[in-house]
Amino acid sequence: MGQPEMQPEGPPRDGRDGEGMAGTRPGDLTGRAFPHGDWALPAERLDELYRWVERGALDTAAWYLADRVGKRRAAVLLRGGAAVGAAAGAALPLLDLSGAVGGVAPWGYLALLWAVACVAGDRYFGVTAGWMRDVATAQAVQRRLQAFQFDWASESVREVLGPADGTASEAAERCLLVLRRFSEDVTELVRAETADWMVCFRPGPAPLGPHAAGTAEGPRPDSGGAGAGGRFPVPPQNGARPNMPRQRPPEPR
């Protein structure tokens with residue numbers, strides 16, 4: 001980290017320096033093998049890790065941007081079909097009632113049924129919601145990547161222009177911490193999007209998304225109080241009656 005020629009100068013201009021070219025969509029978001037190298041040259045090693053982490057973020061954003069294309073087309077078709085069906089379902093009975101066109105009222109009911117089917121299909125399969133999730137996740141990854149690039153440039157300038165804070169091992173540890181935090185941020189974004197996708201297909205009222213994960217990982221709230229799970233407190237399980245506060249008797253007049 002102490003030599004200018006060893007600092008990262010930005011993303012690679014082509015895909016030959018990374019694991020794969022950004023913009024291509026793999027079959028699924030899978031893990032990648034961690035690059036193992038010789039730490040005899042820590043500056044080159046850190047630069048390699050930076051490019052590996054950056055390439056993973058670019059591939060993740062490219063995957064979501066490519067995945068949104070089919071969902072966007074399907075969402076536009078379903079929403080357009082719902083709009084056309086609703087308009088036809090409202091216009092055809094009026095035309096039949098006014099006498100302008102006879103015998104078209106039954107087709108209006110079919111048009112309304114078509115509009116309802118389009119809306120239900122969009123909601124059931126989560127087409128529009130998936131499109132929005134893909135766009136939001138890709139933008140979030142890009143924002144994290146931009147902040148990460150500036151953080152890495154700050155660390156690089158800090159070591160080049162000096163004076164360096166601490167030893168070389170401490171500087172390398174700070175750089176590794178920046179890389180690790182960014183990798184964890186991207187992984188958390190993907191996990192949150194997957195949890196939101198699971199919510200769309202939950203079989204019952206119990207959520208399977210971030211709320212369920214938070215309750216499984218963190219401490220549960222007190223079951224005796226009125227929390228988010230219910231409006232009234234849960235009675236004690238041992239069958240004993242709760243102690244009621246004593247009331248002060250009325251004073252004699």
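1. I begin with alanine 62, which is buried at a relative accessible area of 10%, where buried means under 20% relative accessible area, exposed over 50% and partly exposed in between, with a 1.4 Å probe and protein chains only. Alanine 62 is found in helix α1, and helices here are DSSP runs of H or I with at least four residues, strands being runs of E with at least two, both numbered from the N terminus. The C-alpha atoms of alanine 62 and valine 141 are separated by 9.9 Å, although the two residues lie 79 residues apart along the chain.

2. On the basis of the coordinates, this is a predicted model, in which local features need pLDDT of at least 70 and side-chain atom pairs count only at pLDDT 80 or more, while totals for chains, interfaces and linings use all residues. Residues are numbered from 1 along each chain as its sequence is written, and side-chain values use heavy atoms, with hydrogens and water left out.

3. As to the overall fold, the secondary structure comes to five helices and zero strands, and the pattern read along the sequence is α-α-α-α-α. Of the 253 residues of the protein, 27% count as buried. Among contacts between residues at least 6 apart in sequence, 71% join residues at least 24 apart, a contact being heavy atoms within 4.5 Å.

4. Two packed helices are described by the angle between their axes and the distance between the axes. Axes are lines fitted to C-alpha atoms, for helices over the stretch in contact, and angles run from 0 to 180 degrees between N-to-C directions. Helix α1 (residues 42-98) and helix α2 (residues 105-125) pack at an angle of about 160 degrees, with their axes 7 Å apart. The two are therefore roughly antiparallel to each other, given that angles under 35 degrees count as roughly parallel, over 145 as roughly antiparallel, 65 to 115 as roughly perpendicular and the rest as oblique.

5. α1 passes α2 in a left-handed crossing, that is, the near helix is turned anticlockwise from the far one by less than a right angle, clockwise being right-handed. The residues making this contact include Gly81, Ala82, Gly85, Ala86 and Gly89 of α1, and Trp107, Gly108, Ala111, Ala115 and Cys118 of α2. By class, the contact of α1 with α2 has 14 nonpolar, five polar and three charged residues, where Ala, Val, Leu, Ile, Met, Phe, Trp, Tyr, Cys and Pro count as nonpolar, Asp, Glu, Lys and Arg as charged, and the others, Gly among them, as polar.

6. The axes of α1 and helix α4 (residues 168-199) come within 11 Å and cross at roughly 15 degrees, which makes α1 roughly parallel to α4. α1 passes α4 in a left-handed crossing. Among the residues that meet are Leu46, Tyr50 and Tyr64 in α1, and Cys175, Phe182 and Glu193 in α4. By class, the contact of α1 with α4 has 13 nonpolar, two polar and one charged residues.

7. For anyone considering the cysteines, the structure holds zero disulfides, a disulfide being a pair of cysteine sulfur atoms within 2.5 Å. Cysteine 118 is buried, with a relative accessible area of 5%, and cysteine 175 is buried as well, at 0%.

8. Two residues of helix α3 (residues 127-161) deserve a look, and methionine 132 is placed there. Methionine 132 is partly exposed at a relative accessible area of 43%, and its C-alpha atom is separated by 8.7 Å from that of arginine 72, 60 residues apart along the chain. Glutamate 155 also has its place in α3, but is buried at 11% relative accessible area. The C-alpha atoms of glutamate 155 and alanine 172, 17 residues apart along the chain, are separated by 9.8 Å.
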